[in-house]
Amino acid sequence: MGGNSPCASCKLLRRRCAKDCIFAPYFPSDDPHKFAIVHKVFGASNVSKMLQELPLHQRADTVSSLVYEANARVRDPVYGCVGAISYLQNQVSQLQMQLAVAQAEILCIQMQQEQAPITTTSPVLLEEDDKSSLFLHQNDLPQFLTFSSSNNVIYDSFKKESLFGQDMIS
Amino acid sequence: MASTRCAACKYLRRRCPSDCIFSLYFPSNNPQRFAYVHKIFGASNVGKMLQDLPVHRRADAADSLYYEAHCRIKDPVYGCVGIINILHQEIHNVQCQIAKIQAEIAFIGTHAQSDQQLQIAPNLDPNFLAEQKGLSNSFDDSSTWFF
């Protein structure tokens, strides 16, 4: 918006770009594709209503997320963003399994160290009366075994109302 | 005979034709499903999207559109993208935890090896043995570390 140049939305919709055009701050004329794709998926009228229902300081993020979703839907007309969510959920599950394996492994190591007295294989190397150096000091390991609450994040995330202050455009 | 209009045609207050594109995916017993999708995407866009797809993909498309619309209504600013962000963060967190534990395992392994070496060395320490056996001499030659 500025000067005589209509914003990308007004150009596409072939209308006069008003001074208070709701699209103008978010759909500059130098990026026509951005509005085109959002219009194709959501429709200009719906986008306008969505933006009007939100406070000013949240509209930029909203537009960014709409553009992201629209792009995802054009790339994958069947699943859109939901395909990405499904993929990421699988990734989280696999990583949590890896984490569980690693945690079990370190538990085993700790238990082995606690239970097994250390003995050397060659009697020549040992003095019978020397006991002080036979045993490993018990490791003062920090506890890495606290399970995070991540097990339920996947399910809880769909219930959460997430609010971020970050730009969604990657 | 009771009306058998689909949820879309009921919502749009029109006659539901026999080949209505919405009827299979927006049954009349779930009016919210179409209401959400229509609010976010618009009936016209949804109709076009479904028509552009082969028949066997339309059910999944309708489901995903409903899911996205639902997310957007719950979170008008970020919609589905908010969930994607949460999942990315979770992946990062779990990866960090795994890296921490793997580093700890590697550290324990290294520590265990060096401890074993330390246990052997005192017994071969010539000064130590000299004390134990009442000998006073210290050994300078490292070759005498081995009996």
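Residues are numbered from 1 along each chain as its sequence is written, and chains are lettered from A in the order in which they are written. In this predicted model local features need pLDDT of at least 70, side-chain atom pairs count only at pLDDT 80 or more, and totals for chains, interfaces and linings use all residues, while side-chain values use heavy atoms, with hydrogens and water left out.

**View 1. Overall make-up of chains A and B.**
Chain A holds six helices and zero strands, helices (H or I, at least four residues) and strands (E, at least two) being DSSP runs numbered from the N terminus. Chain B likewise has six helices and zero strands, and its elements run α-α-α-α-α-α from the N terminus on. Of the 170 residues in chain A, 38% are buried, where buried means under 20% relative accessible area, exposed over 50% and partly exposed in between, with a 1.4 Å probe and protein chains only; in chain B, 41% of the 147 residues count as buried. Among contacts (heavy atoms within 4.5 Å) between residues at least 6 apart in sequence, 55% join residues at least 24 apart in chain A, and the corresponding value for chain B is 39%.

Over all chains the structure holds nine aromatic pairs, a pair being rings of Phe, Tyr and Trp (its six-membered ring) with centres within 6.5 Å, counted as stacked with planes under 30 degrees apart, as edge-to-face over 60 and as tilted for the rest. A:Lys34 lies over the face of A:Phe27, at 5.7 Å from the ring centre; a charge sits over a ring if NZ of Lys or CZ of Arg is within 6 Å of the ring centre and within 35 degrees of the ring normal.

**View 2. Surroundings of A:Ser48.**
A:Ser48 lies in helix α3 of chain A and, at 15% relative accessibility, counts as buried. Leaving aside neighbours within four places in sequence, A:Ser48 is in contact with A:Ile22 and A:Phe23, and A:Phe23 is itself buried.

**View 3. The buried face of helix α2 of chain B.**
In helix α2 (residues 31-40) of chain B, the buried residues are B:Arg33, B:Phe34, B:Val37 and B:Ile40. Seen down the axis of α2(B), these residues fall within an arc of 140°, so they line one face of the helix; the arc is that of the directions from the helix axis to the C-beta atoms. They pack against α3 (44-52) of chain A together with α1 (7-12), α3 (43-51) and α4 (55-74) of chain B. B:Phe34 also belongs to a cluster that ring pairs build with B:Tyr11, B:Phe22 and B:Phe26, and B:Arg33 lies over the face of B:Phe26, at 5.4 Å from the ring centre. After α2(B) comes B:Gly42, whose phi is positive, near 90°.

**View 4. Crossing of α2(B) and α4(B).**
The axes of α2(B) and α4(B) come within 8 Å and cross at roughly 70°, axes being lines fitted to C-alpha atoms, for helices over the stretch in contact, with angles running from 0 to 180 degrees between N-to-C directions. That makes α2(B) roughly perpendicular to α4(B), given that angles under 35 degrees count as roughly parallel, over 145 as roughly antiparallel, 65 to 115 as roughly perpendicular and the rest as oblique. The contact involves residues of α2(B) including B:Arg33, B:Tyr36 and B:Val37, and residues of α4(B) including B:Leu65, B:Tyr66 and B:Ile73.

B:Pro76 is placed in the loop between α4 and α5 (79-124) of chain B and, at 38% relative accessibility, counts as partly exposed. B:Pro76 and B:Ile40 are 36 residues apart in sequence and 9.9 Å apart in space, C-alpha to C-alpha. Leaving aside neighbours within four places in sequence, B:Pro76 is in contact with A:Leu54 and A:Thr62.
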